[in-house]
Structure formats: C-alpha cells, structure tokens
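Here's a quick walk through one model, taken a topic at a time. Have the structure open as you read.

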Amino acid sequence: MAEFLATGGTIVAIATAIVPQQGSVGIVRMSGTESQSIAKQLFYTPGRQTWESHRILYGYIRHPQTQKTIDEALLLLMLSPRSYTREDVVEFHCHGGIIAVQQVLQLCIELGARLAQPGEFTLRAFLNGRLDLTQAESVAELVGSQSIAAAQMALAGLQGKLANPIRELRATCLDILAEIEARVDFEEDLPPLNESEIIAQIHNVLEELSQFLATADTGELLRTGLKVAIVGRPNVGKSSLLNAWSRSDRAIVTDLPGTTRDVVESQLVVGGIPIQVLDTAGIRHSEDQVEKIGIERSRQTARSADLVLLTFDAAMGLTEADLEIYQQVKKAGLIVIINKIDQVNIQKLEELKAKAIQYFNLENRAIVPMSAALNQGIPDLETAILNLVQGGNIHAANLEFAINQRQATALTRAKVCLEQVETTIQQQLPFDFWTIDLRGAIHALGEVTGEEVTESVLDRIFSRFCIGK
C-alpha cells in the first residue's frame, strides 16, 4: 500500500460486474487530476452540451488517433471536491458486456491513467477525508451484504453511527489525559485533581465499550452467515428438505437411495442471517466408488459446518446407523430432524422424540418433526435455528450497528488499558503511571476511526475490496 500512497496519479478501473451477454450497463471509473483531460480526448459530445460537474453528457467514445467509434455512451463528470474520492472523477457508462468496457479501460491507460489497485478509490476517499476508516469498511460490507439486515447494518456504519460515538469516547479520554498531564507539569498552580470524577468518567467509557463489544458476535454472524449441512442415511428426505426450505427443485428427489452423489447448495436468509444450506449424500457403507467419494464429502461438509441437521425417517425409526452417523458428525451445533411424520401417528411421534432426546442428549427444542414432502415444519426448523444461535436473539432490527473483528480487537485493547488505569488509581500510583495506559486507550480508539493507523492496517483493509471500489 505504501507504493500506492507514493505514486498517486490518475487511476482507472471497471466499476461494475462484467458478465458476457449479461448486464445492460458497464461503468469505467477514473479518479485523479488528469481524469477530465483524458475523458475529453475520448468522448465526443454532439450538439451544444456543456462539460459541467454533476452533469450527464451523451455522446460517443472514440479512439483518439483513428476516431473509430468504440461505443455510444453516457459520461458523468464529478469535479473535486464533490466526488467520492474528493478528486476529479469521470465515469463512462457504456453498454454492458466485456468488449466495450475493456476497450475504454485500455484507452484510458494508454492516455496516462493507471489501473487501480483493489480498494484504491475508497482508500483515496479515506486519505482525502471523505470517509473515516469505519465508513470505508462499511462500504465493503455494504457491497458484500448477503441479507437486508447486513446491508442496513453496513449503511448505519456508512452514516457514521459507529464512528461518532467512538470519537466522543476518545475525546473524553483526551480530556482526562489533559487534566492529568496538567497536574504533572503544574501541580502547585492547580487545584487538586478530582479523582472520583475521573473514575466515574472512565467507568462510563468502559460501559460504552462493553456495549460496543457485545455487538461483535452478532455482527459477524449477520455478515458471514451460517453454513448448515443436512446429513443422514440415504432416502430419509434430505433433498426434499432442501427443496421445501429453498422453495426450489435444487436437488433431485427419487425413491432410490443414493440419488444424491455430491453436495448441493442453496442460499437462504433466516431472521436476517444468511444461511448456506448444503444437502449431502446419504451416509452408509457402499462399494460404489462414486458414492463412496460423495459420502466422504458429506462427512467433510458436516465437520466444517456451523450447524448440522441430522435427519432420520419417522416411518423407519431411529436405527444403529443413525447413531453411528451421529458419532461421526456430532458437534455443539446440532438439530435432529424427524422427517416424514405424515407416515406415523401422534403416539409414535412422541416415542420417537423421547428416543431422540435420549440417543442424542439434546433438549426438546433441538428436535424438529417435519414432513418435507408436504412442506410441513419449515417455520419450526427456522425457530429452532434461531434458538440455537445465541438463544434466538438474532434480529438486526434491534441492532443499530455492529463492530467487525478488527474494530473489536482495537476496542478490547482500549478496554484493557482503561481497566489498568482504574487499577493504577486504586493503587495510588503517581500520575505518570496513569498517562501510560490512557495513551494506549486513546491510540486504540483512534485505530478504529483511522485517526491512528498504520500502512499495514490500511493494506489489510483495502486489499479485500474489489478493484473498482
């Protein structure tokens, strides 16, 4: 990243996903002092159109030497400082696909722009004071959101709902530090330090830090989601469960055991949580080489999943084979599915539930009776998942924002430093000792918003962005 900070210049990149034969618009974005000059060499505007900031122009992109028309397009000019990067920014809005945007990109490079690095547009926005570091991270989170809840959480961060209170906490710590350092330098000329007030201020900061840190796990869950594996013997209805839950025919369903030979995936959102559902091959002893490979993949998928849905057939009841599968995949995140309950009476179902509790050492709420073929039991399954994940308290509507792992690490460090300040005060150590940990807390809080940041941290954050952002 140090290389990018030093070179500067005008950067260019394709800012939209480019897929052959798909997408109606492809955007090429340029930022830097030469953006407008390069654009004027490429873009021909018929009639009397004025090149003004924040005005859309219609025209043709032409090769500057041959004057060959590359595309019919729109051009958006955003002059400094009223742009995303606070530099001059030009966007060519071309027809979608690959050919046009690639040609425009290449012409911009030939005329003096260089290809942007991942996240470099947002990095420039941060370096030029357009965004703080929490807002920059929220941009990436918003682009990568897999659910409405995650998008709303990212948008709250982009609006400063995380950065503003962090800045206030840092300002409080700076005020405390100023008070203490004043006593170190001019103790004889100032009234005695009000220790009880200092302790109360530090206690309030610690309480707020604890509230921030309490959002970390939920935020991570809403951002990354859960990987859920459906496992069990062949022909217990795993594929029917996937199809019913995803409201699609993703998996082939037949009466023949062993139909599913590989892992089939579907993406869902439950209670604001993105969920990757994986239907696996039925686990059993087999001599078929292809099926054996599928069974081993099933075991690997179950071991790597956050949650396993161990499924068995109500009509056939619990068998030793089910218990053997349980021994292979058992983990903290486990829900037992009693499928095909339409084929048994209520008494038989209650017996199966009692036996499952005993077999698998589970609470009653972690056992879900279902009939996937009749679309029965899906709401109960989703409730069981939410109950298992933090007691069912995952609802982003109640979460205004959430910190990420980097922010949690910095805030934890700030919390430890302030707790050490409290200990120092209790031990009646000299003021110089108070300031050491106070400075540590101030530095850690500044890392969250970017007031204190190293090039290695910037490199880690922005390298995860897409190139055009």
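## Cysteines

A disulfide here is a pair of cysteine sulfur atoms within 2.5 Å. Apply that rule to this predicted model and the count comes to zero disulfides.

Take cysteine 108, which is in no disulfide: its nearest cysteine sulfur belongs to cysteine 94 and sits 8.8 Å away. Cysteine 108 has 0% relative accessibility, so it counts as buried. With 1% relative accessibility, cysteine 173 counts as buried because the cut-off is under 20%.

## The sheet

Now for the strands. Seven of them make an open sheet, and the order reads E3-E4-E5-E6-E2-E1-E7, with mixed pairing. The edges are strand E3 (43-44) and strand E7 (114-115), each of which pairs on one side only.

Zoom in on E5 (residues 69-78) and E6 (residues 89-95): these two run antiparallel, with five bridges joining them.

## Helix H16

What span should helix H16 have, going by 1.5 Å a residue? The helix covers residues 431-449, so its 19 residues should span 27 Å; the end C-alpha atoms are 28 Å apart, which agrees.

Methods. Residues numbered from 1 in each chain as written. Predicted model: local features only at pLDDT ≥ 70, side-chain atom pairs only at ≥ 80, totals over all residues. Heavy atoms only, no water. Pairing = 2+ DSSP bridges. Helix = DSSP H or I, 4+ residues; strand = E, 2+ residues; numbered from the N terminus. Expected span 1.5 Å × (residues − 1). Buried < 20%, exposed > 50% of the residue type's maximum accessible area, 1.4 Å probe, protein only.
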